[in-house]
Amino acid sequence: MQLGKSPGPDGLTSKYYKTLKDYLTQPLMEVCNQIMEGKKAPESWKEAFITLIPKVETEKTQLKNYRPISLLNVDYKIFADILASRLKKVLNEVIHKDQAGFLPGRHLFDNTRNIIDILELLQTNINTRAVLIFIDAEKAFDNISWMFMKKNLEGMGVGRGFENGIEAIYSEQKAKLIVNNVVTEEFKIEKGTRQGCPLSPLLFISVLEVLLNMIREDRLVQGIQVGVKQYKLKAFADDLVLTLQEPESSTKRVLELIHEFGRVAGFKLNKQKTKVLAKNLTPTETDGFQKETELSVVKKVKYLGVHLSSKNLNLFKDNYEKCWVEIKKDLEIWSRLKLSLLGRIAAIKMNVLPKMLFLFQALQIVDRVECFGKWQKDISKFVWQGKKPRIKFKILTDSKERGGFALPDLRLYYEAAAFCWLKDWFLLENTDVLDLEGFDNAFGWHAYLWYDKVKVHKLFKNHIVRRAIFMVWMKYKDLLEGKTPRWLSPVEAKARKRLNMEAYWPKYWEIIEKTGDNWRLQSQEKLKNKVRDWLHYAQIQEVFKIDKKVGFQVEKSKLETELLEPKTKILSRMYNLLLKWNTQDETVKSAMIKWAQDIGHNIMFEDWERLWNTGMKFTACNALKENIMKMMYRWYMTPVKLAKIYHLSDNKCWKCREAEGTFFHLWWTCPKVKAFWEVIYNELKKVFRYTFPKKPEAFLLGMVDQKVSKKDRSLFMYATTAARILIAKYWKTPDLPTLEEWQTQLMDYMELAEMTGRIRDLGEEIMEEDWKKFKDYLQKHYKLYEC
C-alpha cells in the first residue's frame, strides 16, 4: 500500500497498518480467510466517503461532469488488493489483448498506434469506406449490474472462494458524500463498481469483455480487413473505439449488440458524446450515416488524451505543437518565481517531461528533428533565466551518478520511446501490429532493418510511423549492433511477403552452428520446419555468406539486454543507455581538470564518483546540494573572468585587492579568505574533538577523507556548506562572514537536518547522534544552545 493516500471513514491510514503490521497481520488474515469461506465482511467495509472530482474541460455546473471517487478503509483495500492480484492472473489469459486497460504488460499506447496505423491504411486504400467510432458510455463504472457481474465471474470459473469474497463486498454498500467539506447523510448503493477500489477496474473490464466478445464474433460487424484478419476494436477500460468497414450495416449491428448487452449488464450508450471519424466517405454518404445511426461525424476527436482526425498529417500540429504552446505559457509563469537552478530543473522534470513523454509514447510520428532544437532552446531559456548558460547542456542532462543535473533531454526520451515501438519489429512476435503496420511492405521487416531494402522499396517510408521510427533506428544501428545481431532472422528477411505473417521466425542464433572456429548455416534437413522450400534456403545461404564476413554477435548486445529481453522499465533503460552514449565525451569534465590544476594534484575519479553518488545525500535540501554542484562546476563569476568578458583592466581580488581574482584565489588562497577558513577549521576541531588535515577538496568540494570519522561526515558537510554559502553571500564585496553568522547558519541547518530525517523516516536517534557534538560545542564554548 502506498503511503500518503487518503484514509476511509475510519481515519486509519496505510502507515498505521505498516507500522503495526506485526500486530495486525494475523487478525486481518483470519478475517480475510473467513470471508473467503463464506462469512460476512465487517460492517466498516461497506462504508465509504465519496468525493467528487470535476472532469477536465467540462461545464462545472453540471453534476454529470463530476467523477465520484470512493475513499475506502485501508483494511478493506488490503483485502481487495489481494483479490485483485489474483484476478489479474486469470484475466491476463481470459481478456483479449484488444483490451489494454489495467492488466500487466498492456499499454494504452498500443491503442493509439493501432488507430494511426489504420488511418494510414485507409489513406492508401481509398476505396475502403470506413468509420472509427469512439464510444462513450453513461457513467460506465457506476451502472454495472452486480448480479450480471457475479454471474460472469462464476462463468469464468474463478473459484468458490473468490466468488465468496466478491459476494461479501458486493451484497451491501453504503456511502456518504463529501461536498464542500460537509458530509451528507448515509445512502445505499446497489449497482456499479467503486472507483477507488483496487478491484473496480478489473471487475469492469471482465464485464465489458462480454460485449467485446459479442462484437468480435458477430459476422455482421465488419472490421478493417488486412488479409484474413479483421481489426474491429480497441479498448482501454471503458474508452472503446470501433474500427469498421461497411459503415451503415456494421454500426447498426454494433448498436443493437450494445443495447442487448446493456439491458442485462447496465451498460448504456451516450449517443450525444459518442463521436465518429469517417474515412473515404462522400458528404452524401456521411449525412446518410448520421441519419441512419443518430451518431455525430466530427472532424476531430480526443481519445486517451490524443487529438485525432481523419488525416494523420494533422497529428503533429494538433498534439505536439498544441502541447508545447501550453508548456511555453507555463514556463513564462514559472520564470517569474524565485526558483533555484535545481528548482527550475525539477519544474521541467515534474511538469514538462510527463506531458511530452506521454506524447512520445503515444505518437511516434516526429520526423522533423528541428523541433527538438526549438524545445531545447525554450527549456534552456527558462533554466538560465534568459542569460548565457554557465554549464554545458550535455552536463546538465547527464545523470546525477555521473556528475550531471539530470535535466531531461527530450530528444533522447523521444528516441528511447521509438525503440519501445521498434521492439515489435525486432522480435516479430506481435503479428497483429506487424500485419497492420506493414500492410503494403514488399519485404520482411528484418530486410528493411538490416539489409537496406528501404533503398529498393522507397514507399516503405511513405508511412507516418514507419518513417519516424526507422529514422531513429538508422541513427543508432551501427552503435547498437556492430556485428550481425543474434536477433536477426534471415528466414523472415528472405521469405516471400504475405499479408498475414506467421507467428514465429527463427533467429540467427537458432539456425547457425559452430565447427571449430567457423560458423556455418545448419543443413536444409535440420531447417526443413523453418524454411519454406529449397529456393528459400538458398536465399538464406546467400545472405549468410555476406553476414559471415561482417561477423556474428556471440554475446548478448546492449539492444538485447536493455530492450528485447526486459518486460518492464524499457523506456528508462533505453534512455539511460542513449544518455550514456550521448554524454560519454563529458566523462572527464573540464572542471575536474581545473580543480586538479588548482589543488596541485590529481583527484581520483573514484573520489568524484563518491561525491556524486553518496556525498550529496547528507541532505534533502536543494539549496545545499546546489552549492556543491556550483562549486564543482566553478559557477561563480570571478574578477578575472569578468575582465575577459567585458574587457576590463581591473581583475584584482575583491577581498585583498592585491592578487588576480581567480576562482581558486577567491575561494582558498586569498589571505582574508584563508584566515576565515582557518577559523572554521579550528571550530570544527573543537566540535569533533580531534584534528584532521585541512584540505581544499574537503572544504570546497566535500571530498572528505578517512581522517574525518564516518559518523561526523554529515555534520562536516553541513558545516563546510554553510561556510561556502556565506562566502557567496559576500561575493563581490571586501567583507567576509563572521563566526557568529556561521554558527547561526549551522543552527538553521540543524532544523533542516531534522526535516530531512522526517522526510526519509530516519528516526530521531540518528539525527540526535549526528548533531550531538555540535550541540555540546555550542553549550560548552558559547552557551548558545541549551540541551
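With a relative accessibility of 21%, Arg253 counts as partly exposed, a class that lies between buried (under 20% relative accessible area) and exposed (over 50%), judged with a 1.4 Å probe and protein chains only. This is a predicted model, in which local features need pLDDT of at least 70, side-chain atom pairs count only at pLDDT 80 or more, and totals for chains, interfaces and linings use all residues. Residues are numbered from 1 along each chain as its sequence is written, and side-chain values use heavy atoms, with hydrogens and water left out.

The side chain of Arg253 forms a salt bridge with that of Asp218, at 2.7 Å from N to O. A salt bridge is defined here as a side-chain nitrogen of Lys or Arg within 4 Å of a carboxyl oxygen of Asp or Glu. The two residues are 35 positions apart and link distant parts of the chain: Arg253 belongs to helix H8 (residues 247-265), while Asp218 sits in the loop between helix H7 (200-217) and strand S7 (224-226). Helices (H or I, at least four residues) and strands (E, at least two) are DSSP runs, numbered from the N terminus. Asp218 is buried, at 10% relative accessibility.

## The chain as a whole

The chain has 787 residues, and buried residues make up 51% of them. Its secondary structure consists of 32 helices and 16 strands. Taken along the principal axes, the C-alpha atoms fill a box of roughly 90 × 75 × 60 Å.

Accessible areas come from the Shrake-Rupley method with a 1.4 Å probe; for residues, only the protein chains shown count as cover. Among contacts with a separation of 6 or more, 66% involve residues 24 or more positions apart, a contact being heavy atoms within 4.5 Å.

## Other salt bridges

The count of salt bridges under the stated rule is 48. One of them joins Glu285 to Arg129, whose closest N and O atoms are 3.3 Å apart. Glu285 is in helix H9 (residues 283-293) and Arg129 in the loop between helix H4 (109-124) and strand S3 (130-135), so this pair ties together parts 156 residues apart in sequence. Both ends are partly exposed: Glu285 has 26% relative accessibility, and Arg129 has a relative accessible area of 23%.

The side chains of Lys475 and Glu415 also meet in a salt bridge, at 2.8 Å from N to O. Lys475 lies in helix H17 (residues 464-480) and Glu415 in helix H14 (residues 410-427), so the pair connects parts separated by 60 residues in sequence. Lys475 is partly exposed at 42% relative accessibility, whereas Glu415 is buried, with a relative accessible area of 3%. Elsewhere, salt bridges that share partners join Glu43, Lys46, Glu172 and Lys174 into one network.

Helix H28 (residues 671-688) and helix H32 (residues 764-782) have axes that come within 8 Å and cross at roughly 105°. H28 is therefore roughly perpendicular to H32. Axes are lines fitted to C-alpha atoms, for helices over the stretch in contact, and angles run from 0 to 180 degrees between N-to-C directions. Angles of 65 to 115 degrees count as roughly perpendicular, those under 35 as roughly parallel, those over 145 as roughly antiparallel, and the rest as oblique. From H28, the residues Glu683, Lys686, Val687 and Phe688 meet Lys773, Phe774, Tyr777, His781 and Tyr782 of H32.

Met747, found in helix H31 (residues 739-759), touches Phe774 and Leu778, not counting residues up to four places away in sequence.

## Phe618 in its loop

Phe618 is located in the loop between helix H24 (605-615) and helix H25 (622-632). At 11% relative accessibility, Phe618 counts as buried. Leaving aside residues up to four places away in sequence, Phe618 touches Leu624, Ile628, Ser714, Met717, Tyr718, Thr721, Thr756 and Arg760. Phe618 and Tyr718 are 100 residues apart in sequence, yet their C-alpha atoms are 8.1 Å apart in space.

## A nonpolar surface patch

Ile645, Tyr646 and Leu648 make a nonpolar surface patch of about 330 Å². Patches consist of residues with over 30% relative accessible area and no salt bridge; like charges are joined within 9 Å, and nonpolar side chains (Val, Leu, Ile, Met, Phe, Trp, Tyr) within 5 Å. Leu648 lies in the loop between helix H26 (639-646) and helix H27 (663-669), and it is partly exposed, with a relative accessible area of 47%.
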